[in-house]
Amino acid sequence: HNFTVVYKDPEDAFAAAKELARVGGGVTAVENGAPISTLALPVAGLMSELPVEPLAAKTQETEKAIATLCYGKEGMLLKTAVMALACLPCFVMTDKGLFDGLNSVFLPVFKD
């Protein structure tokens with residue numbers, strides 16, 4: 001599906017990729033090269049097999065960890081999860097480049 005990484009340290013990004021490969025997809029927060037919270041979503045990298053109550057607790061834990069890494073900003077889990085969806089009617093970054101979802105066109109990133 002999608003693999004979106006937001007990072008400051010390339011080693012943390014690599015640790016996040018390894019953690020998500022280990023659990024079969026999901027969301028992870030990494031600090032100093034180690035996962036601090038991982039929400040495993042092993043069903044197609046999108047869904048969990050956990051019952052709703054433990055899943056909700058794990059989601060909240062991971063949201064808190066992400067907020068901590070984002071200087072206390074709330075809602076970053078959802079913002080990060082959708083920032084690369086080309087179906088949105090806004091500008092998004094995809095693996096192919098900057099995409100204008102409203103007009104369905106790729107935009108130049110650099111001036112010639």
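1. Basis. The model is predicted: local features need pLDDT of at least 70, side-chain atom pairs count only at pLDDT 80 or more, and totals for chains, interfaces and linings use all residues. Residues are numbered from 1 along each chain as its sequence is written, and side-chain values use heavy atoms, with hydrogens and water left out.

2. Overall layout. The protein chain has 3 helices and 5 strands, taken as DSSP runs numbered from the N terminus (helices H or I, at least four residues; strands E, at least two). Their order along the sequence is α-β-β-α-α-β-β-β. Along the principal axes, the C-alpha atoms fill a box of roughly 50 × 30 × 25 Å.

3. Of the 112 residues, 25% count as buried; buried means under 20% relative accessible area, exposed over 50%, and partly exposed in between, with a 1.4 Å probe and protein chains only. Contact means heavy atoms within 4.5 Å. Among contacts between residues at least 6 apart in sequence, 20% join residues at least 24 apart.

4. Helix α2. This helix covers residues 52-69, 18 residues in number, and reaches 26 Å from its first C-alpha to its last, close to the 26 Å expected at 1.5 Å a residue. The expected span is 1.5 Å times one less than the number of residues. Its buried residues are Thr59, Thr62, Ala65, Ile66 and Ala67. What covers them includes β1 (26-31), β2 (34-40) and α3 (76-82). Just after α2, Tyr71 takes a positive phi of about 55 degrees.

5. Val30. Beyond its neighbours within four places in sequence, Val30 is in contact with Asp12, Ala15, Ala16, Pro35, Ile36 and Leu69. Val30 and Ala16 are 14 residues apart in sequence, and their C-alpha atoms are 6.1 Å apart in space.

6. Two strands pair if DSSP finds at least two bridges between them. Strand β3 (residues 91-94) and strand β4 (residues 97-100) run antiparallel, joined by 4 bridges, and form a hairpin with 2 residues between them. Phe91 stands opposite Asp100 in β4. Strand β4 is also joined to strand β5 (residues 105-107), again antiparallel, by 3 bridges, with Leu98 opposite Leu107 in β5. The hairpin of β4 and β5 has 4 residues between the strands, and in it Ser104 takes a positive phi near 55 degrees.

7. Largest pocket. Its volume is about 1,100 Å³. Of the 38 residues that line this pocket, Thr4, Val6, Val27, Thr28 and Thr80 are the closest to its centre. The elements giving two or more residues to the lining are α1 (10-23), β1, α2 and α3; β1 gives the most, with 6 residues. On a 1 Å grid over the protein atoms alone, a pocket is an open set of points where a 1.4 Å probe fits, with protein on both sides within 12 Å along at least five of seven lines, and lining residues have an atom within 4 Å of a point. Grid points are joined across faces, edges and corners, and a volume is the space filled by probe spheres set on the points.

8. Lining composition. The lining of the largest pocket divides into 22 nonpolar, 12 polar and 4 charged residues. Here Ala, Val, Leu, Ile, Met, Phe, Trp, Tyr, Cys and Pro count as nonpolar, Asp, Glu, Lys and Arg as charged, and the others, Gly among them, as polar.
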